[in-house]
Amino acid sequence: MSTKFKDFLKEQLQDPEFRKEYEALATERAIIQKNIDNEKPETEE
């Protein structure tokens with residue numbers, strides 16, 4: 001995550017409604033990130 005996004009997210013998480021929805025989607029974000037990580041090509045050594 002870029003610093004600008006981290007700052008933006010930190011600010012948005014101050015809103016209780018936003019935080020509630022963000023936390024409710026934590027499992028989905030983790031699944032998506034795992035899929036992205038699995039799609040990355042392996043580096044050749």
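From the N terminus on, the elements of this protein run α-α-α, and the count is 3 helices and 0 strands. Helices here are DSSP runs of H or I with at least four residues, strands are runs of E with at least two, and both are numbered from the N terminus. Please keep in mind that this is a predicted model, in which local features need pLDDT of at least 70, side-chain atom pairs count only at pLDDT 80 or more, and totals for chains, interfaces and linings use all residues. Residues are numbered from 1 along each chain as its sequence is written, and side-chain values use heavy atoms, with hydrogens and water left out.

Let us begin with the overall picture. Taken along the principal axes, the C-alpha atoms fill a box of roughly 45 × 25 × 10 Å. Of the 45 residues in the protein, 4% are buried; buried means under 20% relative accessible area, exposed means over 50%, and partly exposed is in between (1.4 Å probe, protein chains only). The protein exposes about 4700 Å², with carbon and sulfur atoms supplying 52% of that area. These accessible areas come from the Shrake-Rupley method with a 1.4 Å probe, and for residues only the protein chains shown count as cover.

Now for the charges. The protein has 8 positive and 12 negative charges, and their mean positions are 6 Å apart. Lys and Arg count as positive and Asp and Glu as negative, while His and the chain ends are not counted. Each charge is placed at NZ of Lys, CZ of Arg, CG of Asp or CD of Glu.

Side chains of opposite charge can pair when their charged atoms come close. A salt bridge needs a side-chain nitrogen of Lys or Arg within 4 Å of a carboxyl oxygen of Asp or Glu, and by this rule the count comes to 1 salt bridge. Glu-23 and Arg-19 form a salt bridge through their side chains, at 3.2 Å from N to O. Both lie in helix 2, 4 residues apart, about one turn of the helix. Glu-23 is partly exposed at 46% relative accessibility, and Arg-19 is partly exposed at 35%.

Lys-20 is also found in helix 2, which covers residues 16-24. Is Lys-20 buried or exposed? With a relative accessible area of 60%, Lys-20 is exposed. From C-alpha to C-alpha, Lys-20 is 16 Å from Phe-8, and the two are 12 residues apart in sequence.

That brings us to the aromatic rings. Rings of Phe, Tyr and Trp (its six-membered ring) pair if their centres lie within 6.5 Å; planes under 30 degrees apart count as stacked, over 60 as edge-to-face and the rest as tilted. By this rule there are 2 aromatic pairs. Phe-5 and Phe-8 make a tilted pair, 6.4 Å centre to centre with 40° between the planes. Phe-5 and Phe-8 are separated by about one helical turn because they are 3 residues apart in helix 1 (residues 3-12). The pair of Phe-18 and Tyr-22 is stacked, because the ring centres are 6.1 Å apart and the planes are at 15°. Phe-18 and Tyr-22 both lie in helix 2, 4 residues apart. Phe-18 is partly exposed at 29% relative accessible area, and Tyr-22 is partly exposed at 25%.

Tyr-22 has a further contact: Arg-29 lies over the face of its ring, at 3.6 Å from the ring centre. For a charge to sit over a ring, NZ of Lys or CZ of Arg must be within 6 Å of the ring centre and within 35 degrees of the ring normal.
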